[in-house]
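Here is a friendly walk through one protein chain, meant to be read with the model open beside you.

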Amino acid sequence: MDDARKPEFTLVHNAMSNIRREPWHLVVIDLDDPAGGGPRITDAERKALDVVARRLDIAIATSYEPDELLRHLERQGMTEAQLADFDVISLDASALPGAPARPTNELARICRKHGATFRSTAVIAACPNDTPLALEVGTVLALAGAGRACEDIAARVFPPCAAGGLTLALFALLGRE
């Protein structure tokens, strides 16, 4: 068929189409809430994480010291068994003695551990500290306030965490909006 006879078409890109079709292996979630006094998780977010954890491996990115993150989440109702399933990526290399200098090194280690690739990993970015991870992965979902870089590269920007954005983003990964 010559070029003159090719049908015209318009490529329409639905940002969520990438999310529904990707074979995700790992999702990285930032639960930090400095304004709220530390990492926070609501009942709805905990339930959404339980649903997602049945299908995907989960890592939590944090600017807090990992033990502090886990203590905060335990106080908010997460069980030791739930927390044991999550890997932790330090966004502040000084928080982990002997940790790699960059969060992307931690991401690579966790991907190897779970048989995932950067492309099969999604990040739900909540703050500008998530940018190094967001620049490496297959898809980024951002919560409002995640910073311009994260929001610009995100497949979709959700409301802030306080408005249920994390729960919406988690369910979007599963195609359950």
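Leaving aside its neighbours within four places in sequence, which residues is serine 120 in contact with? In this predicted model, the partners of serine 120 are Pro23, Trp24, His25 and Leu26, where contact means heavy atoms within 4.5 Å.

## Ground rules and confidence

Residues are numbered from 1 along each chain as its sequence is written, and side-chain values use heavy atoms, leaving out hydrogens and water.

The chain has a mean pLDDT of 81, and 80% of its residues reach 70 or more; pLDDT is the predictor's confidence in each residue, from 0 to 100. Please read residues 1-20 with this in mind: pLDDT there is below 50, and the stretch has 17 contacts in the model beyond near neighbours in sequence.

## The overall layout

The chain contains 8 helices and 6 strands. Both are DSSP runs numbered from the N terminus, with helices (H or I) of at least four residues and strands (E) of at least two. Along the sequence they follow the pattern α-β-α-β-α-α-β-α-β-α-β-α-β-α.

Of the 177 residues in the chain, 45% are buried. Buried means under 20% relative accessible area, exposed means over 50%, and partly exposed lies in between, using a 1.4 Å probe and protein chains only. Among contacts between residues at least 6 apart in sequence, 57% join residues at least 24 apart.

## The sheet

The 6 strands form an open, parallel sheet in the order E3-E2-E1-E4-E5-E6. Two strands count as paired if DSSP finds at least two bridges between them. Strand E3 (87-90) and strand E6 (156-158) are the edges, each pairing on one side only. From one strand to the next, the twist averages 25°; axes are lines fitted to C-alpha atoms, for helices over the stretch in contact, and angles run from 0 to 180 degrees between N-to-C directions.

How many bridges join E1 to E2? There are 5, and the two strands run parallel; aspartate 30 stands opposite alanine 61 in E2. Alanine 61 also stands opposite isoleucine 89 in E3, and 4 bridges join E2 to E3 in parallel. E2 is largely enclosed by the rest of the structure, because 5 of its 6 residues are buried. E1 also pairs with E4 in the parallel sense, over 4 bridges, and isoleucine 29 has isoleucine 124 in E4 as its bridge partner.

## Two nonpolar cores

A nonpolar core is a set of buried Ala, Val, Leu, Ile, Met, Phe, Trp, Tyr and Cys residues joined through side-chain atoms within 4.5 Å. The largest one here has 29 residues, and those with the most contacts inside it are Val27, Ile29, Leu73, Ile124 and Leu170. Among the elements that each supply at least two residues are strand E1 (26-30), helix H2 (43-53), strand E4 (121-125) and helix H8 (165-173). H8 gives the largest share, 5 residues.

Another core, of 20 residues, lies apart from it and includes Val28, Ala59, Ala142 and Ala146.

In H2, the buried residues are Glu45, Arg46, Ala48, Leu49, Val51 and Val52. Their cover includes E1, E2, helix H4 (80-84) and H8. Helix H5 (residues 103-114) lies across E1, E2, E3 and E4, running at about 160° to E3.

## Two residues up close

Serine 120 sits in the loop between H5 and E4. Is serine 120 buried or exposed? Serine 120 is buried, with a relative accessible area of 6%. The side chain of serine 120 reaches the backbone nitrogen of threonine 117 at 2.9 Å.

Alanine 125 is in strand E4 and is buried, with a relative accessible area of 0%. Alanine 125 and leucine 141 are 16 residues apart in sequence and 6.2 Å apart in space, C-alpha to C-alpha. Leaving aside neighbours within four places in sequence, the contacts of alanine 125 include Asp130, Val140, Leu141, Ala146 and Cys150.

Technical notes: A polar contact is a pair of N or O atoms within 3.5 Å; within protein, one must be able to donate a hydrogen and the other to accept it, and residues adjacent in sequence count only if both atoms are side-chain atoms.
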